[in-house]
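Please look over the following model together with its sequence before reading the briefing. The notes are grouped by topic and begin with a single residue.

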Amino acid sequence: MIDVKHLSKSFGDHLVLDDISEHVSPGENVVIIGPSGSGKSTICNLVARFYDVNAGSVSVGGHDVREFTCESLLRNISMVFQTVYLFHDTVENNIKFGCPDATHEQVVAAAKAACCHDFISALPNGYDTVIGEGGSTLSGGEKQRISIARAMLKNAPIVILDEATASVDPENEHLIQQALSALTKGKTILTIAHRLATIQSADQILVVEDGRIVQRGTHDELMAQGGLYRRFIEIREQAEGWRLA
Ligand code: ADP
Ligand code: MG
């Protein structure tokens with residue numbers, strides 16, 4: 001599904017990714033972890049071809065991403081970022097962005113799956129409410145769920161997630177997780193993960209440090225290896241206030 005081969009990327013004379021290779025099979029759930037600045041987001045951005053590689057290649061479904069038009073590549077990939085940008089437009093149009101031909105019923109179905117329908121229905125003009133106007137400011141968690149509804153509607157086979165570092169309030173966190181599991185069901189998933197639960201449930205974990213993949217495997221395999229992965233998990237356990245069984 002996704003094939004990264006000997007990928008290197010520099011910004012100016014700064015080598016950010018150095019000889020990264022990875023194969024992600026259809027339906028596989030791959031998690032990337034690593035220190036801030038290690039190159040995690042750059043890997044995801046190269047899969048979506050926000051910029052080009054300096055060496056090596058990225059393919060999606062057997063085709064080099066450079067062979068796709070921007071539109072056809074992005075039809076295959078949904079990205080959900082930590083920071084959500086919504087347009088100064090109605091809720092409906094924000095969800096329909098990228099799928100202008102979607103019907104209202106399809107928009108509502110996506111909003112329901114992404115745990116948005118209830119708060120949208122409570123807005124002054126429901127789905128026709130213009131975001132940011134007339135007191136209709138949305139919380140960070142609500143904006144995040146609208147971005148997930150947008151991705152649900154698009155229904156791309158590949159989902160790339162950049163998980164939030166700081167958890168929002170527990171109620172929102174629960175709804176966001178519920179929305180994300182609906183979005184990623186049956187999809188090929190690449191997640192930059194911070195939460196222990198996400199990391200542990202991965203089919204494969206890539207540990208990135210300083211632009212290289214320094215460890216790869218399942219949670220159990222990597223815990224047994226020790227090294228950066230186990231240190232990272234121990235810090236997360238302290239941060240989240242619980243220990244693994
Ligand atoms: P991570 O997601 O692991 O925190 P990033 O992939 O965002 O790391 O960044 C890796 C390195 O590449 C950082 O040193 C960052 O400053 C640099 N970098 C990322 N994007 C750009 C860019 N567009 N231009 C210049 N430098 C960049
Ligand atoms: Mg990042």
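Leaving aside its neighbours within four places in sequence, which residues is His 104 in contact with? His 104 is in contact with Glu 92 and Tyr 127, where contact means heavy atoms within 4.5 Å. This is a predicted model, in which local features need pLDDT of at least 70 and side-chain atom pairs count only at pLDDT 80 or more, whereas totals for chains, interfaces and linings use all residues. Residues are numbered from 1 along each chain as its sequence is written, chains are lettered from A and ligands numbered from 1 in the order in which they are written, and side-chain values use heavy atoms, with hydrogens and water left out.

**His 104**
- His 104 is found in helix H4, helices (H or I, at least four residues) and strands (E, at least two) being DSSP runs numbered from the N terminus.
- His 104 counts as partly exposed because its relative accessibility is 37%, given that buried means under 20% relative accessible area, exposed over 50% and partly exposed in between (1.4 Å probe, protein chains only).
- The side chains of His 104 and Glu 92 make a polar contact at 2.7 Å; such a contact is a pair of N or O atoms within 3.5 Å, and within protein one must be able to donate a hydrogen and the other to accept it, while residues adjacent in sequence count only if both atoms are side-chain atoms.
- His 104 and Tyr 127 are 23 residues apart in sequence, and their C-alpha atoms are 9.1 Å apart in space.

- Not counting residues up to four places away in sequence, Ile 95 touches Val 107, Ala 111, Ile 120, Tyr 127, Ile 146, Ala 149, Arg 150 and Leu 153.

**Ser 78**
- Ser 78 lies in strand S6 (residues 77-80) and counts as buried because its relative accessibility is 2%.
- Apart from neighbours within four places in sequence, Ser 78 is in contact with Ala 151, Lys 154, Ala 156, Ile 158, Val 159 and Ile 160.

**Ligand 1**
- Residues surrounding ligand 1 include Phe 11, His 14, Val 16 and Pro 35, a residue being near a molecule or strand if one of its heavy atoms lies within 4 Å of it.
- A polar side-chain atom of Lys 40 lies 2.8 Å from an oxygen atom of ligand 1, and a backbone N or O atom of Gly 39 lies 3.0 Å from an oxygen atom of the ligand.
- H1 gives the most to the shell around ligand 1, with 3 residues.

**Helix H10**
- Within H10, Leu 228, Tyr 229, Phe 232, Ile 233, Arg 236 and Glu 237 are buried, and their cover includes strand S3 (29-33) and helix H8 (196-200).
- Just after H10, Gly 241 takes a positive phi of about 70°.
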